[in-house]
Amino acid sequence: MRSKVRILGIAGSLRRGSYNQAALRAAKLLVPENSEIDLFQLDDIPMFNEDDEKRPPSSVVELEKRIRTADAVLFVTPEYNYSIPAVLKNAIDWASRPYGDSAWFGKPAAIMGASLGPIGTTRAQQHLRQILAALNLFLLNKPEVVIADAAHRFNEDGNLIHEPTEQLIQELLKNLVDWTRRISSAPESTSASSTALARHPRSGGVPA
Ligand code: FNR
């Protein structure tokens, strides 16, 4: 793989002043050396329609291209009613199709999230893990970055002002970069990715 690890960052909120977008911007500044985060905004992704999955709109083509050329993905999710927002699930669904040609397949990935509530995005993150497992992304487990009480962890300009959270994001990104390098440099015969890829070539996980 390239010496620089390129991470695609996707936040599941379209809201101006989004804490999750703010957390992603903070992450962009906290990446380790020899890695970078490119941001992708979901504003232009229309609602998924299976009729269009073989000829997706240009915004989806661009999303899929950005996923495929990234070495890893960082998801930053709000929690909506104990789950992930529709806008994020919609983008995940688009890029998982058509069956057998998922852009997500075999990508190393990490999750974090910010919410106003006292237990952060724990429940949404668990749902997201379940979805990403179906698509065979290789998810980092630790640390769990759950940003609770977000209104007090960012200032009015959307800057992260909570040092322990900053350190946790830094640790997550370091682990993601290490994880991505380990997966990419594993010997062909034993690597999790090559074994899985051999068994399910570019599968979306769920048959048509
Ligand atoms: C929420 N919010 C919320 N918070 C939480 O901790 N648990 C939850 O289940 C929910 N559910 C929920 C549903 C809906 C429809 C909305 C609009 C909001 C509050 C949520 O944490 C808050 O709006 C965040 O600010 C959303 O993230 P962004 O947009 O700031 O990134």
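Which exposed residues does the face of α4 turned away from its buried side carry?

Analyst: That face of α4 carries the exposed residues Q130 and A133. Exposed means over 50% relative accessible area, buried under 20%, and partly exposed in between, with a 1.4 Å probe and protein chains only.

First, the ground rules. This is a predicted model, where local features need pLDDT of at least 70, side-chain atom pairs count only at pLDDT 80 or more, and totals for chains, interfaces and linings use all residues. Residues are numbered from 1 along each chain as its sequence is written, and side-chain values use heavy atoms, with hydrogens and water left out.

Now the helix itself. α4 covers residues 122-134, 13 residues in total. Helices here are DSSP runs of H or I with at least four residues, strands are E runs of at least two, and both are numbered from the N terminus. From first C-alpha to last, α4 reaches 19 Å, close to the 18 Å expected at 1.5 Å a residue. That expected span is 1.5 Å times one less than the number of residues.

The buried side comes next. A124, Q125, L128, R129, I131 and L132 of α4 are buried. Seen down the axis of α4, these buried residues fall within an arc of 170°, so they line one face of the helix. The arc is that of the directions from the helix axis to the C-beta atoms.

What does this face pack against? The partners of the buried residues of α4 are β3 (72-76), α3 (86-95), β4 (108-114), β5 (138-139) and β6 (145-147). Contact means heavy atoms within 4.5 Å.

Take α3 in detail. The axes of α3 and α4 come within 11 Å and cross at roughly 5°. Axes are lines fitted to C-alpha atoms, for helices over the stretch in contact, and angles run from 0 to 180 degrees between N-to-C directions. The two helices α3 and α4 are therefore roughly parallel to each other. Angles under 35 degrees count as roughly parallel, over 145 as roughly antiparallel, 65 to 115 as roughly perpendicular and the rest as oblique.

On the α3 side, L88, K89 and I92 meet L128, I131 and L132 of α4. The residues of this contact divide into 5 nonpolar, no polar and 1 charged. Nonpolar covers Ala, Val, Leu, Ile, Met, Phe, Trp, Tyr, Cys and Pro; charged covers Asp, Glu, Lys and Arg; the others, Gly among them, are polar.

Past the helix, α4 is followed by N136, whose phi is positive, near 60°.
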